[in-house]
Each structure stands twice: as C-alpha cells, then as structure tokens.
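Hi everyone, thanks for making time this morning. Let me put the sequence and the structure up, and then I'll walk you through the parts I'd like you to look at.

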Amino acid sequence: MNLINKLAYYLVIILIILSINFFLPRAMPGDQLAYLIGENPDMPTRMTDEEREVLLAHYGLDKPLSEQYLDYLVGISRGDLGWSIYRSAPVLEVILVRLKWTMLLTGTSTVIYLLLGIFLGAESAWARGNKKDTWSLISILTVSSLPVFFLGILLKIFFGAELDIFPLDGAKTTCASYANPLEGVLDILHHLVLPAATLVIAHIGGTYLLMRNSMLSVLGADYILSARAKGLSERYILNRHAIKNALLPIVTMAALMVGFMITGTIFVEKVFTYPGIGLLLYDSVMCRDYPLLQGLFLIIAISVVIANFIADMTYIWLDPRVREE
Amino acid sequence: MTRMKVNDVLGSLGLGILAILVVVAIFAPQIAPYDPHHTYKRMERPSSEHLLGTNDIGNDILSEVIYGTRVSLFIAFMVSITAITIGTSLGLIAGYSGGVAEFMIMRIVDIFLTIPRLVLIIVIAAFMPRSIWNLIAVFIIFGWVMTARIVRSEVLTLRNQYYVESARMLGGSNLYILWRHILPNVIPLVVVQFIMEAGHVIVAEAGLSFLGLGDPVARSWGTTFHYAFECPTLYTSDVWMWWMLPPGLCIVATVLGFTFVGYALEERLNPKLKTVVGMEI
Amino acid sequence: MRISDLKTNFPTPDGIVRAVDTIDLSIRDTETFGLIGETGCGKTVLGLTIMRLLHPAATMEGEIIYKGKNLLEASEAEMRTIRGREIAIILQNPTTSLNPVMRVGEQIAEAIRLHQGLNKKDAAAKAVEMLDAVRIPSPSQRANEYPHEFSGGMKQRVMIAMGLACNPSFIIADEPTKGLDVTIKAQIVELMKEMTERKAMLLITHDLSVARELCDRIALMYAGELVEYAPLKGIFESPLHPYTRGFLGSLPERGLVPIPGMSPSLIDFPDGCRFHPRCEHATEVCRREHPELVEFNAGHFVRCHHARS
C-alpha cells in the first residue's frame, strides 16, 4: 500500500468514526433530546410541548436526518463538538483544558515503557535461555495480568498512603504558591510518578515479550552470521544490525498499544484523580454529559488513528522494502 | 527447566485455578455463608461471623465475592462462546469464499482493530441501562474481531493444501469441505482464542464495572471493587484489605489462570505467536 | 592451512550430531580446494568451524593450523581480528545473508573501517571500488541501495565483494552459485576465478561443474567424513570411490543418474563403511569394518575397501 492509499484509508476510518459518533445516540432506545440536555431517565424533566419544540429546533433535531448529519460534519470541521450543559462550556474547550495533563501522563509513560521494554527484551534475548529467562517470563505474565486500576490502587495505598512518599491525588498541589518555577515543575513531577509508574508497569510486559521474541528470531538470521563473519564485535552487531530489524514488529504493535494506553489512562486518571481527559470521560459518564462523552470519544479515536498513521510512517522509514512500494 | 516443562507446569496451574473458580461459581449458594443481598450491620470489620466484614450497605463481603465469581465467569463465558462462534464463522466465510464477502469482513475487522475498543464500549455502555445482558451484548460486538482474522488466515493456508484440493476435485460440496476438512484444523486455534478472549473479558468487565458501568444488582468482582473504591475511608483505614483486596485478587487469579492455559496451549500450537492476556487494561 | 583430526559435534535432544568427523586435509597458499558433497553431509559446518562461527553449544576437537596458529585455541577477540581480514567466508543464500535494512555499501564498508582503520568516507569509497571490482554497474549509486533492490546474481556479487573487501588471504566460499541460472552461474564462476587467483580458497559446493572450473584439488565428503580426495584430474578421470562415481554420474553430460538412497543422519551412522547401504559393490567387510582413508596413488586418497576393483 502506498502513501496515498494509506492516507485515504485513514480518512475513511475517520469518517466512519465520525459517523459512529453521530448515529450512536440516535440508534439508542432513549430520547435524543434527553441525551443532549443530560436528563436522568429516572427523573424526566417536565416541559411543555412548546418548550420541547424550541429545544428541538435549537439543537436542529427537527430537521431530517441527512441534514442533521451534514450540519454535524460542518460543525466538526469548524471545531464545534457541541455544548456541555453540565459545564456550560463548548465541549472542545473543556477537552483542550484537560488534554495537556493526559499528554504529559501518556507521553512520559509511553516513552519510558517503550524504551525500557525494548532494552530489557533485547538484553534478555541476547542472554538467551536460562533460569533467569524463565522467571522473568513468569513474572512478566503475572504482572501483565494485574488490571491497571488494581495495580494503581495498590501503588497508591502502598506508596501514597502507607509510606506517604507520593501524593494520593491530582496533578499538582491545590492552591499552592511556588517560590520559583522549578518548585512548580518538581511538584508536578512528584504527582506524576505514581500514575506514570502504573501505566509503565502495566504496559511493559507486551513490549518486553515481543522484543525478546523478535530479537531471538533476528539473532538466528543469516545476516547476523554474516556480520559476525566480518569480525564485528557482538555489541556492534547488536546495535547496528540486530536492533533495527528486531524493532519492526514493535512499531506495528506500538500503534495497537496507543489504544491500550489511552484505555489504561482512563483508569489511572480515575484512580489518582488525575485531571486529564480520562477522568473527564469518567465524570461525563457519571453525570450523563453525553455531548462531552461523544466529544471525548471523537478526540480519543482520532488520536489513535493518527498514532496508527505515525506508526505506519515509522515502519516505512525503518524498512526499505516497504518504502519501495 | 526446559521450555516444555515450564509450559506443562504453567498449563496445569492455570487449569487448576480455573477449575476451582468454576466449582465456586456453580456451588456459590452452597459455599457462600449468607445471601449477598441480605443486609447486616454496616462496615463491620472481619470477624468469625463475617470473615471479610460487611460493606457500606451491610452486605456480607465474602458472600458477595463468592457470588461475584458467578457473575464474572458467566459474563466471560457467554461473551467468549458467542463472540468466538461469530468470529469463527466470519473467518471461515472470509477465508474460504473470498471475493466480496472477504473484502467486506476484513475491512470491518481493520476498522474495529483501529478504533480503541474499550473507549467505544464505555461510550456505548454509558448510553444503556446498567445490566449484565447489556454488558454481554457490548462485549460480543467487539469480541469476534481477532478470531475472525486469525481463522481467516489459517483457512487461507489450509484451502490450498492438497487434501482440501483433492476433496474439492472429488466433488465435495463447500459445506462438506468446510465441515470435514477445514473446521477440525481450525479448532485448536479457536480454543486458544476462546481462552484469550475469556481472559480479556474478565479484565474488561472488571474495568467497566470499576468505572460504575456494571450491573448494581448482579455484582461482579469489578462492581464490588467499584463500591470499595468509593469508600471515603479507604486510605485512612485497613478497610481495603478485606473489601478491595479479595475481589482484586480474584480478578488477578482468573486472568492468570486464563493466561497460563492460553500460553501453554499457544506455545504448543504455534511457538512463534505470543500475546499477553489482559494487556488491554 | 592444515586441518587435522577435526571433529565438530552438536548436542541435540535426539542425540549428538557428528557433523564433522575426523577430517584431515591441508590447503596450500594459492590453491582452490573443492569440498563436495550432498546437502547435510557437514560441509557447511566445516566452513563455519574454521571461522569459529558455530553455536556456542558445538564442541570442536583437533587442530586447524593457519599461519602457525591453532584457530581452535584462539580467543574470541583474536578470532575477530582474523575473521574478515585473514580468512573470509562467503556465506550461502545471499538473499538472507545481507541485512535487509542496511545499505549495501555500508555492509561492505563496515568491515573495511574495522580492519583497515579507514574513516567513514574512505571506507565508503573503497566499498564502491569493491562493487566495481565485482562488476556491478554504476557502483557508486548501487552502494546506496538496499539488498532487495538487487537481483540474485547481483546479491551474490555483493557477497563476494563483502568477503574480499579486506583482502583476506584465505577464502571460504559456501555454495556461491546456488540458485543461479546457467548464464549467471558462469559469470560468477568467471568472477571468482579472477578474484581469487592468488589466494587460497576452500570452495564448498554440491555442483561438480563449478568445482571443475575452479578447483585444483577436490575432496568428497560423505556423512561427516572425507571419502576421497585428489587433484582435479584424478577425480574426474579415475574416480576410485563408488560415491564419487555416483556423484559424477549425476552430472548432466553423464545422464543425470542420481545416487540411490538417502544420505544418513549425522546422529546415527551405519556400521562399517558409512556408504555401504547405498553402494552396489558392498560386501560383508563393508558392513562390518569402517575403512580408513589410504593413499592410493600419489596425492590420491580414498576410503573404500574395494578401491582396487
């Protein structure tokens, strides 16, 4: 598949995501209007037919479906993701305020777990097949089976509550005044440690295992023998010949992992009351803020698609055989 | 220890864990000391009467966790069996018939794999009334995808093998060839998928319930966990030890059971392909 | 190079694989020595043993004396200074032996930088020279391409350039013509002849026609041991071992008659002569006694009880 095809494919995916987002509430058994104004089905809002008409017209729900769909797409292209009744603010604005915290959290964790997983996996393959290897496999399988929220709470109870070395909640100390900017940065980092550690521990297993297996198969390849036949040192062969080849499957998986990472972030932000979009998603579920919920789904899904696209590009950049086509 | 032995040990360990859980689920009414919906004194510490104490509305926690086994395993089983059946059928159709059907199925698979599935599940679940049947339905919608993909690629290789070719040459009907020659070869893969999917569902269901999207009446481990997490004295007392730890450890044990069995089976069938159950959350 | 009493074994779950079993031979400074045998007879393992490139679990006994030094006793660090510089191996299967994600020029230049201490630019220039020497058209452009952009014959040329880059005095060429069609094969043979003129070469192949073009002496290997070795003429004009005769019979101009039966596994050899189950002249003594390698004529060795007949 060449670049144009790939781009077209991702555009189609984005269109499908937009459509799911549009049709989802309309396909649900409840009342569209009730979703938009965040009504609790157990306590229906009392309104006259007239008031209802006005509201329907306000949201454009009196128009035919095709026209609504078109309006929706036009709105999206202008950055209009709807209005959150609960927060009395445009959905996009609410999300953007929170986005930076999530980016800090996922960004840090992703970099750490990828680098660490790749490093440990490569090392483990290099020192292949011994008792240590077996135990590391079993412990990785065990750690990977801890659900992220359970792991997060355990870390929180142990390091936050019992040992009291890290804060329990939030992204920074509330109402703090810092003597200098450095203090502020340190405070933010201090709050970041436990949530980021949770995400790293939860995600490192997959990368480690994949890198280990991929490295093992690369080390058995003829071109590694060929490199050794040139008299190159083992370290040089690992760095220059093996790693780049072994990374190829990791790149493919990294795109998949972005989806997992975002899911994990929802749980971690909930556990640590970290003020990113994951917590926002949780809050919007709890208070039935459907416009916000849908806006969040859209932003998350599109970020994942973009991450997939970046992964594809990285693959092409790494593998000259794909670059050709 | 050789690889083979490690597999056998892990596999038997996993089977053992799963067997115990199934027994607990089936005989929950006999094993549990109390009715999980009956209320006693609230927030009791563990005692000889209530081994794991009581929760904020006075239910016996041990009984709740034992009945939770039923709910969690029931959801995992229902979802896996249905999703795997759908996935296998679609995979067989896509791989064997090719053409438009294959194109359509595989595009849907691609799209499903690109969209972050748990986020979409959360969004859909948020629109629906909280009940285990709704949870099961949502998980099924997204559970068939991997199976369809794996089965299809297996069918593609099988289709060109000589015995399938010759069966076709001898005039075997398509249905007959699928049933007699292809399905038996796909079954081992499907079994592994079933186990992996069950593990995924256990984690995903627990996650959803933790977020408060579970059935508040038929409480799974995740739901119990959710209410424990909402407890205001969670970090200032030991209440987490008897309220949060038991359901949490049950989830971990179940996932480990599925992981070990799945890993052992997969290692035997296809040593190259390895995934980790529960990676998603 | 003098190899004596060389044994290479691999432990496997099914038993010990005796891939190279008590081999003695010596290769002179400028000669090309052909090592011929069917797939799985241990000839590739012999090449890798000389380079000490086998899996760490493999055990080696005997001596490989090269320039007064026993390679089997050399340390890994010493071996690294020998590999590529003193002794080079041209591995089989150029398609899998070239790193798919590294430019061809760099794959040649890295050895030059290592062994000749040239800087990046000079080494790259030398790599282009090498590509030119193996007659790859527009070498400076091709050096920046990746292996998948080369045809099979061109990849084989790259392998040769890679092996010869540091001007080694001893070359091991493992099946350099495998999988190539007749015209390309002839070109590669021609190239090898020219490039290795004043060097010692161990040519490992199952292709007698290639061996006839390139070799001064030829040895036939069967089930881990040498069964006959002699100057080129001796092998082609007066072959002594039934296996050699069978092998010659499988040449196209002699009617492509295959040797009946299969070569034995390297774990469990037949008693007596290892070839007897496939030999039409086998007698009781062949089933019972393992024949020794004896000098039949001057420089013509054979391992057969019935060499006279």
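Let me begin with a definition: two strands pair if DSSP finds at least two bridges between them. Helices (H or I, at least four residues) and strands (E, at least two) are DSSP runs themselves, numbered from the N terminus. With that in hand, look at Ala219(C), which stands opposite Tyr229(C) in β10(C).

Some housekeeping before I go on. This is a predicted model, in which local features need pLDDT of at least 70 and side-chain atom pairs count only at pLDDT 80 or more, while totals for chains, interfaces and linings use all residues. Residues are numbered from 1 along each chain as its sequence is written, and chains are lettered from A and ligands numbered from 1 in the order in which they are written.

Back to chain C. Strand β9 (residues 217-222) of chain C and strand β10 (residues 225-231) of chain C are joined by six bridges in the antiparallel sense. They belong to an open sheet of eight strands with mixed pairing, in the order β6-β7-β8-β3-β9-β10-β12-β11 (chain C). At its edges are β6 (87-90) and β11 (294-297) of chain C, each with a single partner strand, so one side of each has no neighbour in the sheet. From one strand to the next the twist averages 20°; angles here run from 0 to 180 degrees between N-to-C directions, and axes are lines fitted to C-alpha atoms, for helices over the stretch in contact.

Chain C also has an open sheet of four strands, ordered β2-β1-β4-β5 with antiparallel pairing.

Now, how do the chains meet? For the classes, Ala, Val, Leu, Ile, Met, Phe, Trp, Tyr, Cys and Pro count as nonpolar, Asp, Glu, Lys and Arg as charged, and the others, Gly among them, as polar.

Between chains C and A, 23 residues of chain C are in contact with 18 residues of chain A. Here α4(C) gives the most to chain C's side, with four residues. By class, that side has 11 nonpolar, eight polar and four charged residues. Chain B and chain C do not touch, and 11 Å lies between their nearest C-alpha atoms.

Let's finish inside chain A. Helix α5 (residues 91-126) and helix α10 (residues 234-271) of chain A have axes that come within 10 Å and cross at roughly 140°. Their contact includes Leu105(A) and Trp126(A) of α5(A), and Ile250(A) and Met261(A) of α10(A). The residues of this contact are 12 nonpolar, four polar and no charged.

Which residues of helix α9 (residues 222-229) of chain A are buried? Tyr223(A), Ser226(A), Ala227(A), Arg228(A) and Ala229(A) are, where buried means 20 or more other C-beta atoms within 10 Å of a residue's own, with C-beta atoms placed from the backbone. Among what covers them are α10 of chain A and α1, β6 and α3 of chain C. After α9(A) comes Gly231(A), whose phi is positive, near 90°.

That's my tour; over to you for questions.

Terms used. Contact = placed C-beta atoms within 7 Å. Buried ≥ 20, exposed ≤ 12 C-beta atoms within 10 Å, placed from the backbone.
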